[in-house]
Number of protein chains: 2
Amino acid sequence: MRAADELKHAALEQFATVGFAGTSLQHIADEAGYAKSSVLYHFASKEALLEAAIEPAVAGFEDVLAVFLAGRGGRSDARRRELVDRVVDLLLEHREAVHVFLTQGQSLSGLPVIDRANVAVRRLAAAVCEERESVDDQVRFGIAIGGAAFLLTAGRTFADESTLPTDDELRDALRRIIADILTPARTPSN
Amino acid sequence: MRAADELKHAALEQFATVGFAGTSLQHIADEAGYAKSSVLYHFASKEALLEAAIEPAVAGFEDVLAVFLAGRGGRSDARRRELVDRVVDLLLEHREAVHVFLTQGQSLSGLPVIDRANVAVRRLAAAVCEERESVDDQVRFGIAIGGAAFLLTAGRTFADESTLPTDDELRDALRRIIADILTPARTPSN
DNA sequence: ACGCTAGTTGACCGATCGGTCAGAGTCTGC
DNA sequence: GCAGACTCTGACCGATCGGTCAACTAGCGT
């Protein structure tokens with residue numbers, strides 16, 4: 001069962017950097033040290049490989065969301081902050097899958113796992129924004145999640161001037177700043 | 001000269017939605033109503049077409065940046081806010097080019113126009129963040145620009161629940177929120 | 001009428017794409 | 001020893017890729 005994992009890992013890395021359409025099965029196989037045929041032995045198709053590669057990430061978000069929604073502690077600010085923390089953890093843990101979903105999700109819609117991820121994100125937005133549905137809140141949520149995902153992957157291109165921060169530094173900063181973005185001024189000032 | 005513009009427009013749209021590698025010259029030609037050979041008559045190669053398509057956007061950012069850096073008014077908060085406003089305008093005007101650059105820039109590095117865009121973004125970050133180079137400031141800048149770009153393109157996938165906001169609404173919200181994100185609490189609290 | 005240039009196109013090229021298939025190697029239980 | 005399942009692979013398929021090229025058309029100055 002090691003081969004399938006190696007292939008998933010290699011595939012995810014390529015999908016995140018070169019894009020799904022820009023990645024060939026041959027290249028994935030070469031990267032993982034197998035023949036192209038072996039890839040199609042473990043996964044029925046290129047799309048099935050993508051699904052298998054990002055499914056754990058989607059499942060993770062669904063779990064965190066389910067825990068939040070089932071929690072009996074209401075939707076206090078503390079609980080919402082806890083949700084943000086766990087989401088940030090998932091963003092860091094599955095950064096490649098998140099990047100693939102956010103940057104190529106629209107061209108990949110139709111794949112079951114992508115549709116699952118879409119409803120998960122919508123429910124996440126609803127949980128974070130509560131019933132407040134102003135344009136500002138939508139924009140804040142979009143910037144927070146899109147920005148975080150961008151920062152974790154593409155952002156490295158021009159953020160490494162001196163020394164790029166540790167994952168732990170990044171995690172702390174993201175937790176603080178995203179919570180900051182999502183809760184503008186608890187009592188509106190504009 | 002109309003044909004070249006039509007092809008650039010069609011190409012940019014495809015590059016933004018399906019990705020550069022995932023877009024075929026044949027599809028671009030079909031979309032614009034020409035033959036594949038015509039595309040390669042107007043542009044030396046697929047890469048040259050990409051460069052021509054996103055060059056105006058890069059030039060726009062370079063101009064705005066040059067105006068800001070050459071301005072004799074120092075770097076007051078008001079001037080920095082004006083810079084943010086103009087950058088937001090450019091993000092809206094060239095949203096497809098911005099999307100292509102931010103989501104595929106790393107796999108497209110090497111193309112002259114992409115490298116130009118990279119240095120422009122770095123200088124923009126320096127101009128906005130001033131000499132403050134803490135992890136937080138870098139994260140805030142990354143989230144702001146990445147989030148805005150994400151919101152303008154991919155974000156539409158799951159933001160259109162009811163009615164997605166007007167461009168003008170979006171512009172106002174972005175100006176306010178991005179300025180907000182980049183200037184956390186004028187005097188640091190951490 | 002002429003030649004010249006710009007624009008457009010279909011035919012064609014080698015390479016590579018995702019995917020199929022018939023084996024070959026390896027290990028197990030009998 | 002042997003049967004069977006599991007894993008892996010090279011050869012091969014039709015389709016499509018980016019790119020080349022010669023030919024055709026339309027306009028324009030002379």
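A residue is called near a strand if one of its heavy atoms lies within 4 Å of that strand. By this rule 16 residues surround DNA strand D, and the closest of them are Ser37(A), Ser38(A), His42(A), Lys36(B) and Lys46(B). Of the atoms of DNA strand D that come within 4 Å of the protein, sugar and phosphate account for 52%.

This is a predicted model, in which local features need pLDDT of at least 70 and side-chain atom pairs count only at pLDDT 80 or more, whereas totals for chains, interfaces and linings use all residues. Residues are numbered from 1 along each chain as its sequence is written, chains are lettered from A and ligands numbered from 1 in the order in which they are written, and side-chain values use heavy atoms, with hydrogens and water left out.

Lys36(B), by contrast, reaches a base oxygen, with a polar side-chain atom 2.7 Å away from it. The elements that give two or more residues to the surface near DNA strand D are helix 3 (36-42) of chain A, and helix 2 (25-32) and helix 3 (36-42) of chain B, where helices are DSSP runs (H or I, at least four residues) numbered from the N terminus. Helix 3 of chain A gives the largest share, 4 residues.

Turning to the two protein chains, 45 residues of chain B are in contact (heavy atoms within 4.5 Å) with 45 residues of chain A. Across this interface the rule finds 4 salt bridges, a salt bridge being a side-chain nitrogen of Lys or Arg within 4 Å of a carboxyl oxygen of Asp or Glu. One of them joins Asp180(A) to Arg140(B), whose closest N and O atoms are 3.3 Å apart. Among the elements that give two or more residues to the side of chain B that touches chain A are helix 1 (2-18) and helix 8 (135-152) of chain B, and helix 8 gives the most, with 13 residues.

How values were computed: Polar contact = N/O pair within 3.5 Å; in protein donor to acceptor, adjacent residues only side chain to side chain.
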